[in-house]
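Student: I have the sequence and the model open. Can we work through a few parts by question and answer?

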Amino acid sequence: MDPNANHSRVGRDSKEASISPPPPQRTGSASSLHKSGHVINHSHRSSFAENLRGLPPSPRNQRHPSFTQAAIQELLNHPPAPRQHNPRFTGRDWRDVAVGELVSKDDVSWVEMDTSVEDATMALLKNTSSNVVIIREDANTFIPASTFDFNDLNAYILVVVGLAHPPEDLVELYDMVANKAQARISIPLRDVQPIFKKESLITLQGDEDLAKAIEIFGSGVHRVLVTNHAGEVVGILSQLKLLEFFWNEGVNFRVIDDLYPRLLRDVGVGSQQIIAVNADSPLTEALNLMNQEGLSSVAVVDNGLNVVGNISTADVRLLTNATSLPLLQNSCMHFISVILTEKGVEKGKDSFPVFYVNPYSTLAHTVAKLVATQSHRMWIVESASPSPSAPGTPSLGPTVFVPTPSSSQTSLTGSHFPSVPPASTLPGSHLSGRLIGVVTLTDILNLFARSTGLNPADPNEQRARRRRSSSSSVRPSIESSRASLDIRR
């Protein structure tokens, strides 16, 4: 491992070091910020048995193992990558880095208000670097009017198949859109704007510094458009891209880098109020939850609340043709198997992304997973006690809303896909644990902002605006007072 990665970790408590595996090393932003998709290159994955081959057995058979099985598996799944830092950030204060240094025009894809939803969807599927297309009034301008992303596509699909829940004043519009779509009549983006739950369109000029950007992101905004002085969009900066920058270049910014060795339970980030979906529920339950609650992903759990997977709005890319509609009636677990199959086809190897951490995971380990999986959140699960003398995982008592299959689900035409095994047989159920919380990009960027003396707004205000229901309360830290367990059957 690069010795530079450990310059601030010399005095770290040995007990903590024995629990959380060393954080994966980081790759320089020069090769990661201006490409179509961030993927960590893995070397050959040796099995645990291969790693131990030829070693003599330990005479201390009763010794408590330093790593849990899950920690060992995570090390095998995510081996360290070579660490190469961008020299142009060396010796600089990150707050003086300009927003424009982190973006590229290659991430910007345009459509017009009169572009059909179908054509806008095709443009969205092609723009894998930013997962959004920018809407303008006409082709003669570069001034943004709105955006179209996978959250919007999810909302549109639910309307088309008749599974959305329109407010009273939009019932007529929802019916019109569904009828036109089923009749294969082109629908312009202009007509469906009221359907989409949009965040405020936030712009920053390219010469503004990252201090302004991180205050915005730490307040709960997910994306900003970067413009020139004429107001024309020249790039897109997202929470994930900014976190990737801090992960790759954190060694150049001492205040940020000093946070990485700390445990999640100690830095006080995350929430213990979670919205999840049962693995045996129909996929429509997950899609409706994300649409109504303004979420980009939900945890998928078994009957014991063990995390078995993750479904995000970006996964609706697999539902964009008529032959995939039967997936909506199949279970969430089946959809996870479809997602994994697609990832295997795309990457040419088996893929089982790990979307969970535990209270004893370091912040570095958590950030590395967010960057590696390109996710907006990591689910926090219970873990075993880190050593014989240490207490077990705190009894957090999370509020978990897990809807079950609804008997009133609208029936879809088409044959069902083959059935899949019970959720307990999915590999993730044996390596994860009981869901007790969630940590998001907003939580981490808010921590970074506060630790450097900035004052981001309360992210719960932005979350409240984003949610379609008013049933949620302010989300506490994972180390705050207990909340009641809420599982709706």
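Tutor: Start with a term: buried means under 20% relative accessible area, exposed over 50%, and partly exposed in between (1.4 Å probe, protein chains only). Helices (H or I, at least four residues) and strands (E, at least two) are DSSP runs, numbered from the N terminus. The model is predicted, so local features need pLDDT of at least 70, side-chain atom pairs count only at pLDDT 80 or more, and totals for chains, interfaces and linings use all residues. Residues are numbered from 1 along each chain as its sequence is written, and side-chain values use heavy atoms, with hydrogens and water left out.

Student: How many residues of helix H9 are buried?

Tutor: H9 covers residues 239-249. Leu240, Phe246 and Trp247 are among its buried residues. Helix H9 is largely enclosed by the rest of the structure, because the buried count is 11 of the 11.

Student: Which elements do the buried residues of H9 pack against?

Tutor: Look for contacts, meaning heavy atoms within 4.5 Å. One partner is a strand, E6 (233-238). The helices are H8 (210-218), H10 (254-257), H14 (363-373) and H16 (441-451).

Student: Is H9 parallel or oblique to H14?

Tutor: Axes are lines fitted to C-alpha atoms, for helices over the stretch in contact, and angles run from 0 to 180 degrees between N-to-C directions. H9 and H14 pack at about 130°, with axes 10 Å apart. Under 35 degrees counts as roughly parallel, over 145 as roughly antiparallel, 65 to 115 as roughly perpendicular, and the rest as oblique. So H9 is to H14 oblique.

Student: Which residues of H14 meet H9?

Tutor: On the H9 side, the residues are Leu240, Leu243, Glu244 and Trp247. On the H14 side, they are Ala364, Val367, Ala368, Leu370 and Val371.

Student: Where is Leu305, and is it buried or exposed?

Tutor: Leu305 is in the loop between strand E8 (297-301) and strand E9 (307-312). Its phi is near 65°, a positive value in a residue other than glycine. Its relative accessibility is 4%, so Leu305 counts as buried.

Student: What is the relative accessible area of Gln374?

Tutor: Gln374 is in the loop between H14 and strand E11 (377-381). Its phi is positive too, about 55°, although Gln374 is not a glycine. Gln374 is partly exposed, with a relative accessible area of 31%.
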